[in-house]
Amino acid sequence: MTTTTPNPHILVGIDGSTSALHALTWAGAEAQRRNLPLTLVHAVDQSSFGQGYNLGASASFFQHFETDGAEFLSQAKDHVYALHPNVEVSTVKAIGKPVAILVELSRNAVMTVLGSSGLGGFTGMMAGSVSVSLTAKGHSPVVVVRESAAASDGPVVVGVADSDSSDGALGWAFEEAAMRGAELVAVHVWNNIPPGYVYAYTAWSAMDSAREEQRQEQILAERLSGWQEKYPDVPVQRVVAVGHPADVLLHKAAGAQLIVTGSRGRGDIAGFFLGSTSHALIHKATCPVLVTPRP
C-alpha cells in the first residue's frame with residue numbers, strides 16, 4: 001500500500017516475551033522487504049502497580065522496570081541487526097497505558113506489529129487485550145503474530161466482503177502477495193449458516209442455491225477485478241463458501257504465510273466492536289494476521 005505517512009516506518013511492540021520476539025522477527029523481515037526502518041516501543045503502565053505503594057519509598061521498584069525496559073529494547077535491537085543488518089532501528093521507551101501509547105504512535109506507522117500474548121502483569125504490553133484493542137482502535141494496519149513466523153511458500157489469504165469495506169484488506173493482500181511472490185487466496189463467505197444446516201431453515205430451503213452461488217461468485221469477481229489489473233503477476237484463487245467467515249478463513253489459512261482481514265470495528269470500547277471474524281482470527285490463526293483499520 002502506498003502511504004502518506006511522514007518518515008514511514010514499522011512499529012513493533014516489545015515486552016521481553018517470546019510472543020514479542022516472534023512479532024519482532026516477522027517485522028524485521030517485513031522491514032527488509034519494504035526497505036523501511038523499524039521503531040521498537042516498550043511501555044510500562046505504572047498506574048497498574050503503583051496503587052498501594054509508598055511511591056517515595058519504592059523508587060528502586062520503579063527503577064527495576066526502567067532497567068528491564070531498556071534491556072528489552074537493547075536485546076530487540078540486537079536481534080534485528082543480527083538478522084537484517086541493513087534495517088534501521090530506533091527505540092521508544094514510554095510510561096503510560098500501552099493501548100493509548102500504541103494507538104497514538106500508530107498514526108505515523110505504515111503498520112504496527114504485536115505478539116498475540118506476552119508477559120502481561122506489570123508491563124501489560126503484549127497481553128491479548130492489547131492486541132485486540134489495538135486492532136479495533138489503531139490508525140495503521142495491525143499485524144498480530146501468534147507463533148514463530150518461519151519461512152513459508154504458502155499463500156496469502158484475504159477475506160472479501162460484498163462491499164467497498166474490503167478494499168483496504170484487498171489492497172494490502174495483493175501487495176503482500178506481490179512482494180512475496182505468493183498466490184493470493186480470496187475468500188468470500190456469503191452467509192453465516194453452516195452448510196449442514198442450510199436446509200433446516202425454510203427461507204434458505206426455498207432459495208435456488210446454485211443461482212445464488214453464481215451471483216456470489218460474480219460479486220467476488222467484481223471486488224477483485226481492479227486489483228487483478230493492478231497486480232497482473234499475482235496468481236489468484238477464488239473461493240466462494242457457505243459457513244461462518246472465521247471458520248472458513250481459518251481452514252483456508254492452514255499453511256498460509258499471512259491472512260488479511262478488515263477490522264469492521266465501530267466503537268471505542270476496548271476490543272468490543274472489533275468484528276467477530278477479526279477477533280477469532282487473531283486468537284486462533286497460526287499464521288500472522290493483518291487487520292486493516294476501519295475506513
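Helices (H or I, at least four residues) and strands (E, at least two) are DSSP runs, numbered from the N terminus. The axes drawn through them are lines fitted to C-alpha atoms, for helices over the stretch in contact, and angles run from 0 to 180 degrees between N-to-C directions. The model is predicted, so that local features need pLDDT of at least 70 and side-chain atom pairs count only at pLDDT 80 or more, while totals for chains, interfaces and linings use all residues. Residues are numbered from 1 along each chain as its sequence is written, and side-chain values use heavy atoms, with hydrogens and water left out.

**View 1. The crossing of helices H1 and H6**. Two packed helices are described by the angle between their axes and the distance between the axes. The axes of H1 (residues 18–34) and H6 (residues 167–180) cross at roughly 80° and come within 11 Å. The two helices are therefore roughly perpendicular to each other, a term that covers angles of 65 to 115 degrees. Trp26, Glu30, Arg33 and Arg34 of H1 make the contact with Trp172, Glu175, Glu176, Met179 and Arg180 of H6; contact means heavy atoms within 4.5 Å. By class, this contact has 6 charged residues, 3 nonpolar and no polar. Asp, Glu, Lys and Arg count as charged, Ala, Val, Leu, Ile, Met, Phe, Trp, Tyr, Cys and Pro as nonpolar, and the others, Gly among them, as polar.

**View 2. Helix H6 and its covering**. Of the 14 residues of H6, 10 are buried, that is, under 20% relative accessible area (1.4 Å probe, protein chains only). Among them are Trp172, Phe174, Glu175, Glu176 and Arg180. The end C-alpha atoms of H6 are 20 Å apart, which agrees with the 20 Å that its 14 residues should span at 1.5 Å a residue; the expected span is 1.5 Å times one less than the number of residues. Gly181 follows H6 and has a positive phi, near 65°.

**View 3. Strand E10 and its partners**. Strands pair if DSSP finds at least two bridges between them. E5 (residues 142–145) pairs with E10 in the antiparallel sense over 3 bridges, and Val142 has Val291 as its bridge partner in E10. E9 (residues 258–262) pairs with E10 in the parallel sense over 4 bridges, with Gly262 opposite Thr292. Both faces of E10 (residues 289–292) are covered: Val289 and Val291 are buried on one side, Leu290 and Thr292 on the other.

**View 4. Gly154 in the loop between E5 and E6**. Gly154 is buried, with a relative accessible area of 8%. Its C-alpha atom is separated by 4.5 Å from that of Ala256, 102 residues apart along the chain. Leaving aside neighbours within four places in sequence, Gly154 is in contact with Ala182, Gly255 and Gln257.

How values were computed: Angles under 35 degrees count as roughly parallel, over 145 as roughly antiparallel, 65 to 115 as roughly perpendicular and the rest as oblique. Buried means under 20% relative accessible area, exposed over 50%, partly exposed in between (1.4 Å probe, protein chains only).
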